[in-house]
Amino acid sequence: MEGVFKFYLVFVFATLLLMNKEAMAATQHVVGGSQGWDQSTDFTTWASGQTFKPGDQLVFKYTALHSVVELPNESAYKNCNMGNALNSLNGGNNVVKIDKPGTRYFTCGTLGHCAQGMKVKITTVSADASSSTPGSSSSSSTTPTPTSTSISMASSFSHFASILMVALPVFHVIFIML
Ligand SMILES: *[C@@H]1O[C@H](CO)[C@@H](O)[C@H](O)[C@H]1NC(C)=O
Ligand SMILES: [Cu+2]
């Protein structure tokens, strides 16, 4: 009986640690940095300076001239083909959550803006990847605007629930075997 209690104590601690780690890692990326979602922004450079992880959020900030259109794949992105858009947002301030690793494609729905380069490709790495920026020359080019802020712990409570649901039976089985 005492063993069971100790076990659950350890389990709760481990879960809290995990949850805290996720909360610390979650980042809000303002797309385009201080210039925001605009034709004049160099999104390739901006994106190469960011590390996107599951749980992070993209924040699109823009004027009424623009919108946000999510495209299904690389070819639609390259050709500015809006015909099969996955999603379309407007209003000037949108938050898009990244929930899993992979690449997502965003552009502006205003005629001609995609062709002018108003588009960004977001490649998300798995959560346990190292925090260093992959494949970037971290040397001094232009001023790196701090565009990332931590999200509050509240946003990771759904993660907490899913961790609990998976981890509890696993821990239980391990305990029974001991
Ligand atoms: C990209 O998506 C469109 C629309 O869903 C599809 O028609 C096209 O075949 C896809 N292209 C590739 C290379 O997957
Ligand atoms: Cu635009």
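Helices (DSSP runs of H or I, at least four residues) and strands (DSSP runs of E, at least two) are numbered from the N terminus. With that noted, I read the protein along its sequence and found the pattern α-β-α-β-β-α-β-β-β-β-β-α. I counted 4 helices and 8 strands.

**Ground rules**

I am working with a predicted model, in which local features need pLDDT of at least 70, side-chain atom pairs count only at pLDDT 80 or more, and totals for chains, interfaces and linings use all residues. Residues are numbered from 1 along each chain as its sequence is written, while chains are lettered from A and ligands numbered from 1 in the order in which they are written.

**Entry 1: the whole chain**

I looked up burial. A residue is buried if 20 or more other C-beta atoms, placed from the backbone, lie within 10 Å of its own, exposed if 12 or fewer, and partly exposed in between. Of the 178 residues of the protein, 19% count as buried. I then turned to contacts, meaning two residues whose C-beta atoms, placed from the backbone, lie within 7 Å. Among contacts with a separation of 6 or more, 75% are between residues 24 or more positions apart.

**Entry 2: the open sheet**

In what order do the strands of the open sheet of 4 strands lie? I read 4-3-6-7, with antiparallel pairing; two strands pair if DSSP finds at least two bridges between them. Strand 4 (87-89) and strand 7 (119-124) each have a single partner strand, so one side of each is left without a neighbour in the sheet. From one strand to the next, the twist averages 25 degrees; the axes behind such angles are lines fitted to C-alpha atoms, and angles run from 0 to 180 degrees between N-to-C directions.

I zoomed in on one pair. Strand 3 (residues 68-71) and strand 6 (residues 102-107) are joined antiparallel by 3 bridges. Here leucine 71 faces tyrosine 105 of strand 6.

**Entry 3: valine 68**

I stayed in strand 3, where valine 68 sits. Is valine 68 buried or exposed? It counts as buried, because it has 22 C-beta neighbours inside 10 Å. Beyond its neighbours within four places in sequence, valine 68 is in contact with Trp37, Phe60, Leu89, Asn94 and Phe106. For tryptophan 37, which is 31 residues away along the chain, I noted a C-alpha separation of 8.7 Å from valine 68.

I followed strand 2 next.

Strand 1 (residues 27-30) runs parallel to strand 2, joined by 3 bridges, and histidine 29 has leucine 58 as its bridge partner. Strand 5 pairs with strand 2 in the antiparallel sense over 5 bridges, and there leucine 58 has valine 96 as its partner. I also checked burial in strand 5 (residues 93-97): of its 5 residues the number buried is 0, so it lies largely in the open.

**Entry 4: the core**

Which residues have the most contacts inside the largest nonpolar core? I found Val31, Phe60, Phe106 and Ile122, in a core of 21 residues. Such a core is a set of buried Ala, Val, Leu, Ile, Met, Phe, Trp, Tyr and Cys residues joined through C-beta atoms within 7 Å. Strand 2 (57-61), strand 3, helix 3 (74-79), strand 6 and strand 7 each supply at least two of its residues, and the largest share, 3 residues, comes from strand 3. Setting aside neighbours within four places in sequence, isoleucine 122 is in contact with Ala47, Phe52, Leu58, Ile98, Thr103, Arg104 and Phe106.

**Entry 5: two loop residues**

Glycine 36 lies in the loop between strand 1 and helix 2 (43-48). It counts as partly exposed because it has 19 C-beta neighbours inside 10 Å. Its C-alpha atom is 6.8 Å from that of phenylalanine 60, 24 residues apart along the chain.

Cysteine 80 is in the loop between helix 3 and strand 4. I noted its positive phi of about 55 degrees, although it is not a glycine. Most residues other than glycine have a negative phi.
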